[in-house]
Amino acid sequence: MAMIGVLGGTFTGLIPGVHPNTVAAVMLASTSSLLLFFTPHAIAVFVTSMAISNTFLNFIPSVFIGAPEGETALSVLPGHRFLLKGQAQEAVCLTVAGGLGVIMLSVVLFPLVSVVLPILYMGIKSYMAWLLLAIAGVMILLDEGMKRVYGLIVFGLSGILGVMTMETPLLPDQSMLFPIFTGLFGISTLIISIGSGISVPRQSQAPVRLPVKETVMGSVKGFFSGMLMGVLPGIGAAQAGVLAHELSMRKSIREFMVSLGGINTVAALFSLMALYLISRPRSGAAVAVQEVLVNFGYGEMLLLMATALFSAGAGAFLTIRAGRGFARLFQRLDYRRVSVAIIVMLVGMVALMTGPIGMLYMVTSTSIGLLPPLFGVKRTSCMGVLMLPIMLFYFGLM
Amino acid sequence: MEESGLLKLSLACSLLGLLSIFLVSGQVSENALEIGGVTGDMTGVAAKVCGNITYKHVSKNNHLFFRLTDETGTISVVVFNGTARGMTGNPYSLKEGDNICALGKVGMYKGSVEILADSLGL
(Lines give C-alpha, C1' and ligand atoms only; values in the text may rest on other atoms or scores of the structure.)
Protein backbone atom coordinates (compact mmCIF):
# COMPACT_ATOMS: atom_id res chain seq x y z
CA MET A 1 0.00 0.00 0.00
CA ALA A 2 2.93 2.34 0.67
CA MET A 3 4.11 1.84 -2.91
CA ILE A 4 0.61 2.41 -4.33
CA GLY A 5 0.48 5.54 -2.17
CA VAL A 6 3.68 6.80 -3.83
CA LEU A 7 2.00 6.27 -7.22
CA GLY A 8 -0.99 8.26 -5.91
CA GLY A 9 1.36 11.00 -4.67
CA THR A 10 3.07 11.05 -8.08
CA PHE A 11 -0.30 11.50 -9.79
CA THR A 12 -1.50 14.25 -7.44
CA GLY A 13 1.93 15.87 -7.43
CA LEU A 14 2.46 16.05 -11.18
CA ILE A 15 -1.03 17.27 -12.09
CA PRO A 16 -1.42 20.89 -11.03
CA GLY A 17 -4.53 21.59 -8.98
CA VAL A 18 -5.05 17.98 -7.87
CA HIS A 19 -4.30 17.73 -4.16
CA PRO A 20 -4.03 14.55 -2.06
CA ASN A 21 -6.61 16.08 0.29
CA THR A 22 -9.12 15.91 -2.57
CA VAL A 23 -8.31 12.21 -3.13
CA ALA A 24 -8.49 11.61 0.64
CA ALA A 25 -11.89 13.33 0.78
CA VAL A 26 -13.21 11.16 -2.06
CA MET A 27 -11.86 8.10 -0.24
CA LEU A 28 -13.59 9.21 2.95
CA ALA A 29 -16.92 9.08 1.18
CA SER A 30 -16.35 5.39 0.43
CA THR A 31 -14.48 4.29 3.56
CA SER A 32 -16.89 1.50 4.39
CA SER A 33 -16.54 -0.12 0.98
CA LEU A 34 -12.75 0.23 1.10
CA LEU A 35 -12.70 -1.45 4.53
CA LEU A 36 -14.19 -4.55 2.91
CA PHE A 37 -11.03 -5.03 0.85
CA PHE A 38 -8.33 -3.30 2.92
CA THR A 39 -7.50 -3.08 6.61
CA PRO A 40 -7.73 0.36 8.30
CA HIS A 41 -3.94 0.39 8.67
CA ALA A 42 -3.44 -0.31 4.96
CA ILE A 43 -5.71 2.65 4.07
CA ALA A 44 -3.86 4.89 6.54
CA VAL A 45 -0.51 3.81 5.06
CA PHE A 46 -1.79 4.60 1.53
CA VAL A 47 -3.04 8.07 2.54
CA THR A 48 0.20 8.90 4.41
CA SER A 49 2.37 7.67 1.57
CA MET A 50 0.37 9.68 -0.97
CA ALA A 51 0.46 12.85 1.16
CA ILE A 52 4.22 12.69 1.81
CA SER A 53 5.40 11.69 -1.70
CA ASN A 54 3.11 14.39 -3.14
CA THR A 55 5.06 17.06 -1.24
CA PHE A 56 8.16 16.15 -3.29
CA LEU A 57 6.59 15.70 -6.71
CA ASN A 58 4.40 18.79 -6.59
CA PHE A 59 7.49 20.96 -6.97
CA ILE A 60 7.87 19.72 -10.56
CA PRO A 61 4.77 21.55 -11.87
CA SER A 62 5.44 24.51 -9.57
CA VAL A 63 8.93 24.93 -11.08
CA PHE A 64 8.15 24.03 -14.70
CA ILE A 65 4.60 25.26 -15.23
CA GLY A 66 3.16 28.75 -15.08
CA ALA A 67 6.36 30.77 -15.32
CA PRO A 68 5.92 34.32 -16.59
CA GLU A 69 8.33 36.00 -18.99
CA GLY A 70 11.21 37.13 -16.76
CA GLU A 71 11.58 40.77 -17.72
CA THR A 72 7.95 41.77 -17.72
CA ALA A 73 6.49 39.95 -14.74
CA LEU A 74 5.89 41.97 -11.60
CA SER A 75 6.34 38.97 -9.34
CA VAL A 76 8.21 35.83 -10.31
CA LEU A 77 7.96 32.79 -8.05
CA PRO A 78 11.36 31.55 -6.79
CA GLY A 79 11.16 28.22 -8.65
CA HIS A 80 10.42 30.02 -11.92
CA ARG A 81 13.53 32.17 -11.48
CA PHE A 82 15.63 29.01 -11.68
CA LEU A 83 13.68 27.82 -14.75
CA LEU A 84 14.20 31.14 -16.52
CA LYS A 85 17.95 30.90 -15.84
CA GLY A 86 18.09 27.35 -17.26
CA GLN A 87 18.58 25.83 -13.79
CA ALA A 88 15.22 24.17 -13.14
CA GLN A 89 16.84 20.90 -12.03
CA GLU A 90 18.77 22.77 -9.34
CA ALA A 91 15.49 24.17 -7.97
CA VAL A 92 14.01 20.66 -7.95
CA CYS A 93 17.06 19.19 -6.17
CA LEU A 94 17.05 21.99 -3.55
CA THR A 95 13.42 21.27 -2.61
CA VAL A 96 14.13 17.52 -2.55
CA ALA A 97 17.11 18.09 -0.24
CA GLY A 98 14.85 20.12 2.07
CA GLY A 99 12.20 17.39 2.12
CA LEU A 100 14.71 14.63 2.87
CA GLY A 101 16.47 16.80 5.45
CA VAL A 102 13.31 17.45 7.46
CA ILE A 103 12.21 13.81 7.31
CA MET A 104 15.54 12.75 8.81
CA LEU A 105 15.30 15.52 11.42
CA SER A 106 11.74 14.39 12.24
CA VAL A 107 12.85 10.80 12.81
CA VAL A 108 15.77 11.86 15.00
CA LEU A 109 13.86 14.54 16.94
CA PHE A 110 10.58 12.64 17.28
CA PRO A 111 10.98 12.01 21.05
CA LEU A 112 11.64 15.73 21.61
CA VAL A 113 8.82 16.83 19.30
CA SER A 114 6.36 14.51 21.03
CA VAL A 115 7.01 16.46 24.24
CA VAL A 116 7.30 19.99 22.80
CA LEU A 117 4.42 19.97 20.30
CA PRO A 118 1.58 19.31 22.78
CA ILE A 119 3.00 22.01 25.12
CA LEU A 120 3.29 24.43 22.18
CA TYR A 121 -0.25 23.66 21.10
CA MET A 122 -1.68 24.11 24.61
CA GLY A 123 0.19 27.41 24.85
CA ILE A 124 -1.13 28.89 21.61
CA LYS A 125 -4.59 27.24 21.53
CA SER A 126 -6.32 30.10 23.33
CA TYR A 127 -4.64 32.71 21.13
CA MET A 128 -5.09 30.89 17.81
CA ALA A 129 -7.28 33.61 16.23
CA TRP A 130 -4.93 36.42 17.28
CA LEU A 131 -1.90 34.47 16.12
CA LEU A 132 -3.45 33.92 12.68
CA LEU A 133 -4.39 37.61 12.54
CA ALA A 134 -0.81 38.58 13.41
CA ILE A 135 0.60 36.26 10.72
CA ALA A 136 -1.81 37.69 8.11
CA GLY A 137 -0.82 41.22 9.22
CA VAL A 138 2.91 40.50 8.98
CA MET A 139 2.43 38.93 5.54
CA ILE A 140 0.71 42.08 4.26
CA LEU A 141 3.17 44.45 5.97
CA LEU A 142 6.12 42.66 4.33
CA ASP A 143 5.18 44.52 1.15
CA GLU A 144 5.83 48.24 0.89
CA GLY A 145 3.75 51.36 0.17
CA MET A 146 0.59 50.89 -1.88
CA LYS A 147 1.35 47.18 -2.23
CA ARG A 148 0.20 46.77 1.37
CA VAL A 149 -3.23 48.08 0.37
CA TYR A 150 -3.29 45.80 -2.68
CA GLY A 151 -2.23 42.84 -0.53
CA LEU A 152 -5.04 43.62 1.91
CA ILE A 153 -7.54 43.81 -0.96
CA VAL A 154 -6.43 40.39 -2.30
CA PHE A 155 -6.48 38.89 1.20
CA GLY A 156 -9.95 40.35 1.84
CA LEU A 157 -11.43 39.22 -1.48
CA SER A 158 -10.07 35.67 -1.21
CA GLY A 159 -11.17 35.58 2.44
CA ILE A 160 -14.74 36.60 1.53
CA LEU A 161 -14.71 33.90 -1.15
CA GLY A 162 -13.60 31.36 1.47
CA VAL A 163 -16.32 32.43 3.92
CA MET A 164 -18.97 32.29 1.19
CA THR A 165 -17.83 28.81 0.17
CA MET A 166 -17.84 27.39 3.67
CA GLU A 167 -21.04 29.08 4.78
CA THR A 168 -23.14 27.95 1.83
CA PRO A 169 -23.99 24.34 0.92
CA LEU A 170 -23.55 24.93 -2.83
CA LEU A 171 -20.51 22.70 -3.18
CA PRO A 172 -20.08 19.19 -1.70
CA ASP A 173 -17.73 19.11 1.30
CA GLN A 174 -15.25 16.68 -0.26
CA SER A 175 -14.55 18.85 -3.31
CA MET A 176 -15.33 22.28 -1.85
CA LEU A 177 -11.81 23.68 -2.14
CA PHE A 178 -10.87 22.07 -5.45
CA PRO A 179 -12.34 24.70 -7.85
CA ILE A 180 -11.16 27.52 -5.59
CA PHE A 181 -7.54 26.40 -5.32
CA THR A 182 -7.51 25.52 -9.02
CA GLY A 183 -8.59 29.08 -9.83
CA LEU A 184 -6.53 30.97 -7.24
CA PHE A 185 -3.20 29.20 -7.73
CA GLY A 186 -3.50 27.09 -10.91
CA ILE A 187 -5.38 28.65 -13.80
CA SER A 188 -4.55 32.26 -12.88
CA THR A 189 -0.81 31.45 -12.90
CA LEU A 190 -1.13 29.72 -16.26
CA ILE A 191 -3.06 32.65 -17.78
CA ILE A 192 -0.35 35.10 -16.71
CA SER A 193 2.26 32.75 -18.17
CA ILE A 194 0.41 32.47 -21.52
CA GLY A 195 -0.11 36.22 -21.69
CA SER A 196 3.57 36.98 -21.14
CA GLY A 197 4.71 34.88 -24.15
CA ILE A 198 7.50 33.03 -22.40
CA SER A 199 9.83 30.53 -24.08
CA VAL A 200 11.75 28.21 -21.76
CA PRO A 201 15.52 28.69 -22.14
CA ARG A 202 17.89 25.76 -22.66
CA GLN A 203 18.18 23.89 -19.37
CA SER A 204 21.53 22.94 -17.91
CA GLN A 205 22.19 19.19 -18.05
CA ALA A 206 25.22 19.37 -15.74
CA PRO A 207 24.90 17.46 -12.45
CA VAL A 208 23.64 19.71 -9.68
CA ARG A 209 25.93 20.46 -6.74
CA LEU A 210 24.06 21.56 -3.61
CA PRO A 211 25.61 24.08 -1.19
CA VAL A 212 26.01 22.20 2.12
CA LYS A 213 25.56 25.19 4.49
CA GLU A 214 22.42 26.49 2.76
CA THR A 215 20.98 22.97 2.54
CA VAL A 216 21.48 22.35 6.27
CA MET A 217 20.22 25.80 7.32
CA GLY A 218 17.22 25.59 4.96
CA SER A 219 16.29 22.15 6.33
CA VAL A 220 16.49 23.32 9.95
CA LYS A 221 14.38 26.44 9.20
CA GLY A 222 11.95 24.32 7.20
CA PHE A 223 11.66 21.82 10.06
CA PHE A 224 10.75 24.38 12.72
CA SER A 225 8.46 26.46 10.45
CA GLY A 226 6.72 23.30 9.26
CA MET A 227 6.30 22.04 12.82
CA LEU A 228 4.53 25.27 13.74
CA MET A 229 2.44 25.01 10.58
CA GLY A 230 1.43 21.50 11.55
CA VAL A 231 -0.41 22.83 14.61
CA LEU A 232 -1.67 26.09 13.09
CA PRO A 233 -4.67 25.64 10.81
CA GLY A 234 -4.91 27.62 7.57
CA ILE A 235 -1.23 28.47 7.09
CA GLY A 236 0.20 27.36 3.75
CA ALA A 237 3.74 26.11 3.11
CA ALA A 238 4.48 29.12 0.88
CA GLN A 239 3.39 31.54 3.63
CA ALA A 240 5.50 29.78 6.26
CA GLY A 241 8.41 29.79 3.80
CA VAL A 242 8.06 33.50 3.04
CA LEU A 243 7.81 34.34 6.76
CA ALA A 244 10.86 32.23 7.64
CA HIS A 245 12.77 33.83 4.75
CA GLU A 246 11.77 37.42 5.49
CA LEU A 247 12.34 37.14 9.23
CA SER A 248 15.79 35.57 8.87
CA MET A 249 19.02 37.54 8.71
CA ARG A 250 20.48 35.71 5.71
CA LYS A 251 18.42 35.90 2.53
CA SER A 252 19.52 33.24 0.08
CA ILE A 253 17.17 32.02 -2.63
CA ARG A 254 18.77 28.54 -2.49
CA GLU A 255 18.20 28.32 1.25
CA PHE A 256 14.63 29.53 0.65
CA MET A 257 14.01 26.72 -1.85
CA VAL A 258 15.41 24.13 0.59
CA SER A 259 13.24 25.44 3.43
CA LEU A 260 10.18 25.55 1.15
CA GLY A 261 10.72 21.88 0.27
CA GLY A 262 11.21 21.08 3.94
CA ILE A 263 8.15 23.00 5.14
CA ASN A 264 5.92 21.30 2.59
CA THR A 265 7.00 17.83 3.71
CA VAL A 266 7.22 18.40 7.45
CA ALA A 267 3.82 20.15 7.51
CA ALA A 268 2.24 17.09 5.86
CA LEU A 269 3.98 14.84 8.39
CA PHE A 270 3.10 16.95 11.44
CA SER A 271 -0.53 17.30 10.34
CA LEU A 272 -0.62 13.49 10.75
CA MET A 273 1.48 13.44 13.91
CA ALA A 274 -0.90 16.03 15.40
CA LEU A 275 -3.50 13.25 15.46
CA TYR A 276 -1.43 11.41 18.04
CA LEU A 277 0.16 14.37 19.80
CA ILE A 278 -2.75 16.83 20.11
CA SER A 279 -5.65 14.64 18.91
CA ARG A 280 -6.45 17.12 16.12
CA PRO A 281 -6.37 16.47 12.36
CA ARG A 282 -4.63 19.31 10.54
CA SER A 283 -5.17 18.27 6.89
CA GLY A 284 -7.62 16.41 4.71
CA ALA A 285 -5.26 13.42 4.71
CA ALA A 286 -5.16 13.48 8.54
CA VAL A 287 -8.99 13.56 8.66
CA ALA A 288 -9.07 10.47 6.44
CA VAL A 289 -6.55 8.67 8.67
CA GLN A 290 -8.51 9.65 11.78
CA GLU A 291 -11.70 8.28 10.24
CA VAL A 292 -10.26 4.85 9.48
CA LEU A 293 -7.89 4.39 12.43
CA VAL A 294 -10.20 4.38 15.41
CA ASN A 295 -7.49 3.53 17.92
CA PHE A 296 -4.64 5.86 16.99
CA GLY A 297 -1.87 4.83 19.37
CA TYR A 298 1.92 4.85 19.54
CA GLY A 299 2.16 1.80 17.24
CA GLU A 300 0.09 3.57 14.57
CA MET A 301 2.27 6.68 14.92
CA LEU A 302 5.41 4.62 14.37
CA LEU A 303 3.83 2.91 11.37
CA LEU A 304 3.00 6.26 9.78
CA MET A 305 6.52 7.59 10.54
CA ALA A 306 8.03 4.53 8.84
CA THR A 307 5.67 5.06 5.90
CA ALA A 308 6.70 8.71 5.73
CA LEU A 309 10.37 7.70 5.64
CA PHE A 310 9.76 5.27 2.79
CA SER A 311 7.53 7.56 0.75
CA ALA A 312 9.91 10.52 1.24
CA GLY A 313 12.79 8.43 -0.12
CA ALA A 314 10.75 7.09 -3.02
CA GLY A 315 9.19 10.50 -3.73
CA ALA A 316 12.62 12.19 -3.67
CA PHE A 317 14.09 9.60 -6.07
CA LEU A 318 11.19 9.97 -8.51
CA THR A 319 11.28 13.77 -8.29
CA ILE A 320 14.99 13.99 -9.13
CA ARG A 321 14.53 11.60 -12.07
CA ALA A 322 11.33 13.32 -13.27
CA GLY A 323 12.99 16.74 -12.91
CA ARG A 324 15.70 15.73 -15.40
CA GLY A 325 13.07 14.41 -17.81
CA PHE A 326 10.91 17.54 -17.53
CA ALA A 327 13.97 19.79 -18.01
CA ARG A 328 14.72 18.06 -21.33
CA LEU A 329 11.05 17.92 -22.36
CA PHE A 330 10.04 21.50 -21.57
CA GLN A 331 12.79 23.15 -23.61
CA ARG A 332 11.41 21.32 -26.67
CA LEU A 333 7.70 21.91 -26.01
CA ASP A 334 5.64 24.94 -26.95
CA TYR A 335 5.15 26.39 -23.45
CA ARG A 336 1.94 28.21 -24.40
CA ARG A 337 0.35 25.03 -25.77
CA VAL A 338 1.28 23.07 -22.65
CA SER A 339 -0.26 25.80 -20.47
CA VAL A 340 -3.46 25.86 -22.56
CA ALA A 341 -3.70 22.04 -22.43
CA ILE A 342 -3.35 22.09 -18.63
CA ILE A 343 -6.03 24.79 -18.33
CA VAL A 344 -8.40 22.71 -20.50
CA MET A 345 -7.70 19.64 -18.32
CA LEU A 346 -8.26 21.56 -15.07
CA VAL A 347 -11.50 23.11 -16.32
CA GLY A 348 -12.69 19.65 -17.39
CA MET A 349 -11.88 18.20 -13.97
CA VAL A 350 -13.65 21.02 -12.13
CA ALA A 351 -16.71 20.65 -14.40
CA LEU A 352 -16.76 16.90 -13.85
CA MET A 353 -16.33 17.04 -10.08
CA THR A 354 -18.30 20.13 -9.13
CA GLY A 355 -20.62 21.03 -12.05
CA PRO A 356 -21.75 24.54 -13.02
CA ILE A 357 -21.59 25.90 -9.46
CA GLY A 358 -17.98 24.75 -9.17
CA MET A 359 -17.22 26.42 -12.51
CA LEU A 360 -18.65 29.67 -11.17
CA TYR A 361 -16.40 29.41 -8.11
CA MET A 362 -13.44 28.59 -10.36
CA VAL A 363 -14.00 31.66 -12.58
CA THR A 364 -14.35 33.90 -9.51
CA SER A 365 -11.24 32.52 -7.83
CA THR A 366 -9.27 32.74 -11.10
CA SER A 367 -10.15 36.46 -11.27
CA ILE A 368 -8.91 36.95 -7.71
CA GLY A 369 -5.81 34.83 -8.44
CA LEU A 370 -4.90 37.15 -11.33
CA LEU A 371 -4.66 40.14 -8.98
CA PRO A 372 -1.37 39.39 -7.10
CA PRO A 373 0.83 39.25 -10.21
CA LEU A 374 -0.96 42.27 -11.68
CA PHE A 375 -0.57 44.27 -8.43
CA GLY A 376 2.95 42.91 -7.88
CA VAL A 377 2.11 41.52 -4.43
CA LYS A 378 2.78 38.07 -2.99
CA ARG A 379 0.50 35.29 -4.22
CA THR A 380 0.30 34.02 -0.63
CA SER A 381 -2.19 36.87 0.02
CA CYS A 382 -4.71 34.54 -1.62
CA MET A 383 -4.40 32.22 1.40
CA GLY A 384 -6.98 34.55 2.94
CA VAL A 385 -9.38 32.01 1.44
CA LEU A 386 -8.56 29.70 4.36
CA MET A 387 -7.16 32.10 6.93
CA LEU A 388 -10.15 34.46 7.14
CA PRO A 389 -12.81 31.74 7.70
CA ILE A 390 -10.55 30.00 10.24
CA MET A 391 -9.89 33.30 12.05
CA LEU A 392 -13.62 34.05 12.16
CA PHE A 393 -14.24 30.53 13.46
CA TYR A 394 -11.72 30.96 16.29
CA PHE A 395 -13.13 34.41 17.09
CA GLY A 396 -16.52 32.69 17.41
CA LEU A 397 -18.00 34.64 14.49
CA MET A 398 -18.64 31.70 12.17
CA MET B 1 26.38 17.41 -1.99
CA GLU B 2 26.11 16.09 -5.57
CA GLU B 3 22.84 15.14 -7.29
CA SER B 4 23.96 11.49 -7.35
CA GLY B 5 24.51 11.64 -3.56
CA LEU B 6 20.95 12.92 -3.15
CA LEU B 7 19.70 9.98 -5.24
CA LYS B 8 21.62 7.53 -3.04
CA LEU B 9 20.23 9.20 0.10
CA SER B 10 16.70 8.88 -1.34
CA LEU B 11 17.21 5.16 -1.96
CA ALA B 12 18.66 4.66 1.53
CA CYS B 13 15.64 6.47 3.05
CA SER B 14 13.14 4.37 1.14
CA LEU B 15 14.91 1.10 2.03
CA LEU B 16 15.12 2.07 5.70
CA GLY B 17 11.45 3.08 5.57
CA LEU B 18 10.43 -0.27 4.04
CA LEU B 19 12.37 -2.15 6.72
CA SER B 20 10.73 -0.01 9.44
CA ILE B 21 7.24 -0.60 7.99
CA PHE B 22 7.96 -4.35 8.03
CA LEU B 23 9.12 -4.25 11.65
CA VAL B 24 6.37 -1.93 12.96
CA SER B 25 3.47 -3.54 11.09
CA GLY B 26 3.88 -6.65 13.24
CA GLN B 27 3.22 -4.53 16.32
CA VAL B 28 -0.16 -3.06 15.26
CA SER B 29 -3.44 -4.91 15.29
CA GLU B 30 -5.19 -5.19 11.93
CA ASN B 31 -8.36 -6.88 13.20
CA ALA B 32 -11.92 -5.61 13.26
CA LEU B 33 -12.99 -3.78 16.39
CA GLU B 34 -14.37 -5.71 19.33
CA ILE B 35 -18.07 -4.94 19.57
CA GLY B 36 -17.73 -4.04 23.26
CA GLY B 37 -15.10 -1.47 22.29
CA VAL B 38 -17.44 0.54 20.03
CA THR B 39 -18.67 3.50 22.09
CA GLY B 40 -20.70 6.66 21.56
CA ASP B 41 -17.45 8.69 21.50
CA MET B 42 -16.78 7.12 18.11
CA THR B 43 -19.91 8.60 16.48
CA GLY B 44 -19.24 9.43 12.83
CA VAL B 45 -16.12 7.29 12.65
CA ALA B 46 -15.85 4.39 10.17
CA ALA B 47 -15.72 1.03 11.91
CA LYS B 48 -15.68 -2.65 11.09
CA VAL B 49 -17.22 -5.16 13.50
CA CYS B 50 -17.64 -8.90 13.07
CA GLY B 51 -19.95 -11.24 14.91
CA ASN B 52 -22.88 -13.58 14.91
CA ILE B 53 -26.38 -12.45 13.88
CA THR B 54 -28.52 -12.94 16.97
CA TYR B 55 -31.55 -10.97 15.74
CA LYS B 56 -32.80 -9.94 12.30
CA HIS B 57 -35.73 -7.75 11.33
CA VAL B 58 -36.88 -6.25 8.04
CA SER B 59 -39.09 -3.16 8.39
CA LYS B 60 -42.10 -2.27 6.25
CA ASN B 61 -39.83 0.07 4.26
CA ASN B 62 -37.36 -2.76 3.65
CA HIS B 63 -34.76 -1.37 6.03
CA LEU B 64 -32.73 -4.21 7.51
CA PHE B 65 -31.94 -4.41 11.24
CA PHE B 66 -29.45 -6.86 12.78
CA ARG B 67 -28.06 -7.43 16.18
CA LEU B 68 -24.45 -8.64 15.99
CA THR B 69 -22.85 -10.39 18.94
CA ASP B 70 -19.26 -11.35 19.72
CA GLU B 71 -17.63 -12.39 23.00
CA THR B 72 -17.36 -8.74 24.11
CA GLY B 73 -20.92 -7.52 23.51
CA THR B 74 -23.83 -6.87 21.19
CA ILE B 75 -24.43 -4.01 18.77
CA SER B 76 -27.27 -2.98 16.45
CA VAL B 77 -26.55 -2.80 12.74
CA VAL B 78 -28.83 -0.88 10.38
CA VAL B 79 -28.80 -1.35 6.61
CA PHE B 80 -31.08 1.15 4.92
CA ASN B 81 -33.17 0.02 1.96
CA GLY B 82 -31.23 2.12 -0.57
CA THR B 83 -27.89 0.82 0.72
CA ALA B 84 -29.08 -2.80 0.80
CA ARG B 85 -30.21 -2.60 -2.82
CA GLY B 86 -26.77 -1.41 -3.91
CA MET B 87 -24.92 -4.26 -2.17
CA THR B 88 -23.48 -7.19 -4.03
CA GLY B 89 -25.33 -10.34 -2.98
CA ASN B 90 -28.63 -10.32 -1.17
CA PRO B 91 -28.35 -9.02 2.41
CA TYR B 92 -32.04 -9.91 3.03
CA SER B 93 -31.13 -13.60 2.73
CA LEU B 94 -28.90 -13.44 5.81
CA LYS B 95 -30.34 -15.29 8.79
CA GLU B 96 -29.84 -15.55 12.52
CA GLY B 97 -26.73 -17.60 13.30
CA ASP B 98 -24.75 -16.34 10.28
CA ASN B 99 -21.30 -14.85 10.98
CA ILE B 100 -20.77 -11.56 9.18
CA CYS B 101 -18.70 -8.38 9.27
CA ALA B 102 -20.45 -5.01 9.06
CA LEU B 103 -18.67 -1.90 7.84
CA GLY B 104 -20.06 1.56 8.27
CA LYS B 105 -20.19 4.67 10.38
CA VAL B 106 -20.81 4.55 14.11
CA GLY B 107 -24.05 6.29 15.07
CA MET B 108 -26.27 6.84 18.10
CA TYR B 109 -30.01 6.17 18.19
CA LYS B 110 -32.11 6.66 21.32
CA GLY B 111 -28.97 6.49 23.47
CA SER B 112 -27.69 3.24 21.96
CA VAL B 113 -24.65 2.81 19.76
CA GLU B 114 -25.26 1.35 16.31
CA ILE B 115 -23.46 0.78 13.04
CA LEU B 116 -25.01 2.38 9.96
CA ALA B 117 -23.68 -0.22 7.56
CA ASP B 118 -22.53 0.58 4.04
CA SER B 119 -21.18 -2.91 3.36
CA LEU B 120 -21.58 -6.39 4.74
CA GLY B 121 -18.89 -9.04 4.44
CA LEU B 122 -19.64 -12.69 4.97
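Reader: In what sense do strand β2 and β3 of chain B pair, and over how many bridges?

Author: In this predicted model, strand β2 of chain B covers residues 64–70, and β2(B) forms a hairpin with β3(B) that leaves 2 residues between the two strands. The pairing of β2(B) with β3(B) is antiparallel and runs over 7 bridges.

Reader: Which way do β3 and β5 of chain B run against each other, and how many bridges join them?

Author: Strand β3 takes in residues 73–79 of chain B and strand β5 takes in residues 112–121 of chain B. Within this pair B:Ser76 stands opposite B:Glu114 in β5(B). The two strands run parallel, and the number of bridges that join them is 3.

Reader: In what order do the strands of chain B close into a barrel?

Author: The barrel of chain B is made by 5 strands, and its pairing is mixed, with β2(B) and β3(B) antiparallel while β3 and β5 of chain B run parallel. With direction ignored, neighbouring strands of this sheet are turned by 55 degrees against each other on average. The order in which the barrel closes is β1-β2-β3-β5-β4.

Reader: Why is chain B described as more spread out than a compact globule?

Author: Chain B holds 2 helices and 5 strands, which follow one another along the sequence in the pattern α-β-β-β-α-β-β. For its 122 residues the globule rule gives 14 Å, and the radius of gyration of chain B is well over that value, so the chain is more spread out than a compact globule. The C-alpha trace of chain B spans about 70 × 30 × 25 Å along its principal axes, and the radius of gyration is 21 Å.

Reader: What share of the residues in chain A is buried?

Author: Chain A is built with 17 helices and 0 strands. Among its contacts between residues at least 6 apart in sequence, 83% join residues at least 24 apart; in chain B, residues 24 or more positions apart account for 52% of the contacts with a separation of 6 or more. Counting a residue as buried if 20 or more other C-beta atoms lie within 10 Å of its own, buried residues make up 26% of the 122 residues in chain B, and for the 398 residues in chain A the share is 58%.

Reader: How do helices α9 and α17 of chain A cross, right-handed or left-handed?

Author: The axes of α9 (residues 146–167) and α17 (residues 384–394) of chain A come within 7 Å and cross at roughly 65 degrees. Residues that make the contact include A:Phe155, A:Gly159 and A:Met166 of α9(A), together with A:Val385, A:Leu388 and A:Pro389 of α17(A). The residues of this contact divide into 10 nonpolar, 5 polar and no charged, and the crossing of α9(A) and α17(A) is right-handed.

Reader: Which helix gives the most to the side of chain A that touches chain B?

Author: Between the two chains, 36 residues of chain A are in contact with 33 residues of chain B. The helices of chain A that each supply at least two residues to this side are α3 (31–37), α7 (88–125), α11 (212–231), α14 (284–292) and α15 (298–330). By residue class, the side of chain A that touches chain B divides into 24 nonpolar, 9 polar and 3 charged. With 14 residues, the helix that gives the most is α15(A).

Conventions:
Residues are numbered from 1 along each chain as its sequence is written. Chains are lettered from A and ligands numbered from 1 in the order in which they are written. This is a predicted model: local features need pLDDT of at least 70, side-chain atom pairs count only at pLDDT 80 or more; totals for chains, interfaces and linings use all residues. Two strands pair if DSSP finds at least two bridges between them. Helices (H or I, at least four residues) and strands (E, at least two) are DSSP runs, numbered from the N terminus. Axes are lines fitted to C-alpha atoms, for helices over the stretch in contact, and angles run from 0 to 180 degrees between N-to-C directions. The radius of gyration is taken over C-alpha atoms; the globule rule is 2.2 Å times the number of residues to the power 0.38. A residue is buried if 20 or more other C-beta atoms lie within 10 Å of its own, exposed if 12 or fewer, and partly exposed in between; C-beta atoms are placed from the backbone. Two residues are in contact if their C-beta atoms, placed from the backbone, lie within 7 Å. A crossing is left-handed if the near helix is turned anticlockwise from the far one by less than a right angle, and right-handed if clockwise. Ala, Val, Leu, Ile, Met, Phe, Trp, Tyr, Cys and Pro count as nonpolar, Asp, Glu, Lys and Arg as charged, and the others, Gly among them, as polar.
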